[in-house]
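Colleague: I would like a close look at one part of this model, please: the surface charge. Then lead me on from there to the strands.

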Amino acid sequence: MYILNIKKLNVKFKKKKIINNLNLKIKKKEIHILMGPNGSGKSTLSLVIAGNKKYRITKGKILFNKIKINKLSVNKRAKKGLFISFQNSIEIPGLNNEFFLQQCINSIRKYNKKKILNIIEIRKKIYKIIKKLNFSKKFLSRSLNENFSGGEKKKNDILQILLLKPKMIILDEIDSGLDINNLNLILNIINNLKKKNKSFLIITHNPKIINNLNTDFIHILHKGRIIKSSKKNIYKIIKKYGYKKFIK
């Protein structure tokens, strides 16, 4: 079964077409890598899947767990199990990080008709995970992502994933700001989550990510369309020749 199934998707930003007849299918327990030249539409695609209203779908559909989500709000997409981590995480001054996590957890639990957790129960969950991520408890009292380093922002995204347990996870430049030790830590977490029935679409140019993940497919995006999909060994061609081997 496909957790994410994008069919003949066409998207415009104002009057410019930026996604062009794009098809993409991702099954449960799969990791897909999305690559391509700068400006090819990779981050735009993640924004469209997330439900950003600046982008207008003119044709095609996005199916998530067999449900068409073209017109669903960002909020409802998240509650159904879709998680997007953007290249530059938003900073929200005044919004306590711990309070934000508590609201996210309980909002999704309420949607799934599960018991609402109190702050003590939630803290137990958070403390268990931040220990794995080598995070200080002090960051919980800080404003969401405000003055966080690039690495802290990325680890905060992973914390949210481990707490919220989404079904489909899209990560845009997950290595941004991470040192080698924290990158290895996060790549191991991603591989373990795949074993637990999670699916990933990861936007990256970093060969270490491709080589250290249990990758199923690599896709090359050019001018808003996937022009090549293949197994892991396609990266050897990209590394040697760049994208010109695939771009006619």
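Modeller: Happy to! A charge patch joins like charges within 9 Å, from residues with over 30% relative accessible area and no salt bridge (a Lys or Arg side-chain nitrogen within 4 Å of an Asp or Glu carboxyl oxygen). Lys and Arg count as positive, areas use a Shrake-Rupley 1.4 Å probe, and each Lys charge is placed at NZ. The model is predicted, with pLDDT of at least 70 needed for local features and 80 or more for side-chain atom pairs, while totals for chains, interfaces and linings use all residues. Residues are numbered from 1 along each chain, and side-chain values use heavy atoms, without hydrogens or water.

On the surface, a positive patch brings together Lys114, Lys125, Lys128, Lys132, Lys165 and Lys196. Take Lys125: helix α4, residues 119-132, holds this lysine (DSSP runs: helices H or I of at least four residues, strands E of at least two). Lys125 is partly exposed because its relative accessibility is 38%, between the buried limit of under 20% and the exposed limit of over 50%.

His32, in strand β3 (residues 31-35), is buried, its relative accessible area being 1%. Its C-alpha atom is 25 Å from that of Arg56, 24 residues apart along the chain.

Now to β4, residues 55-64, which pairs with β1, residues 2-13, in the antiparallel sense over eight bridges (pairing takes at least two). Here Val11 faces Ile57 of β4. β4 also pairs with β5, residues 67-68, again antiparallel, over two bridges, and Leu63 sits opposite Lys68 of β5. β4 and β5 make a hairpin with two residues between them, where Asn65 in the turn has a positive phi of about 55°.

Conventions:
Patches are made of residues with over 30% relative accessible area and no salt bridge: like charges are joined within 9 Å, nonpolar side chains (Val, Leu, Ile, Met, Phe, Trp, Tyr) within 5 Å. Buried means under 20% relative accessible area, exposed over 50%, partly exposed in between (1.4 Å probe, protein chains only).
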